[in-house]
Amino acid sequence: MILNQILRLSSIFRSAVSIHLRRNIGLSAIVFNKTKELDPVQKLFVDKIREYNTKSKQAGGPVDAGPEFQKEINESLARLQRAYGEGDLTKFPEFKFE
């Protein structure tokens, strides 16, 4: 009987310690990642994303897209309008609930 209580308390203690350690390790990993410098591959990836974002804002759309890309987009939009009816397919639809 006493052995069962000790084992039960041991398992409760073990699970509580486990949860506590997981939370602390998780939080310390987040803090560590924010304080350390990015590794070179991550830094290159983030720099390229920022560069693309800047170029796309300047171009007003996809970057380095040629005339064949615009032709494919127009053909796709025409196919969709034939299939689903009229309307501007480049905008998100507006929903009105009554």
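Here is a walk through this structure, from its overall layout down to a few single residues.

First, some ground rules: this is a predicted model, where local features need pLDDT of at least 70, side-chain atom pairs count only at pLDDT 80 or more, and totals for chains, interfaces and linings use all residues. Residues are numbered from 1 along each chain as its sequence is written, and side-chain values use heavy atoms, with hydrogens and water left out.

Let's start with the big picture. The protein has three helices and zero strands, so its elements read α-α-α from the N terminus on. Helices here are DSSP runs of H or I with at least four residues, strands are runs of E with at least two, and both are numbered from the N terminus. Of the 98 residues, 2% count as buried. Buried means under 20% relative accessible area, exposed means over 50%, and partly exposed is in between, using a 1.4 Å probe and protein chains only.

Now look at helix α2, which covers residues 40-59. How many salt bridges are there? The count comes to three, where a salt bridge is a side-chain nitrogen of Lys or Arg within 4 Å of a carboxyl oxygen of Asp or Glu. One of them joins Asp47 and Lys43, at 3.5 Å from N to O. These two sit four residues apart in α2, about one turn of the helix. Salt bridges that share partners join Lys48, Glu51 and Lys55 into one network. Why does such spacing work? An α-helix has 3.6 residues a turn, so residues three or four places apart point the same way. Glu51 is partly exposed at 34% relative accessible area, and Lys48 is partly exposed at 48%.

Leaving out residues up to four places away in sequence, Ser56 touches Gly61 and Val63; a contact means heavy atoms within 4.5 Å.

Move on to the loop between α2 and α3, where you'll find Asp64. Asp64 has a positive phi, near 55 degrees, in a residue other than glycine, and it counts as exposed at 74% relative accessibility. Then comes helix α3, residues 67-84. Its 18 residues should span 26 Å at 1.5 Å a residue, and its end C-alpha atoms are 26 Å apart, so the two agree. The expected span is 1.5 Å times one less than the number of residues. Just after α3, Gly85 takes a positive phi of about 100 degrees.

Finally, check the aromatic rings. The whole structure holds two aromatic pairs. Phe92 and Phe95 have ring centres 6.3 Å apart and planes at 80 degrees, so they are edge-to-face. Phe95 and Phe97 have centres 6.5 Å apart and planes at 20 degrees, so that pair is stacked. The rule is that rings of Phe, Tyr and Trp (its six-membered ring) pair if their centres lie within 6.5 Å, with planes under 30 degrees apart stacked, over 60 edge-to-face and the rest tilted. Phe92, Phe95 and Phe97 form one aromatic cluster.
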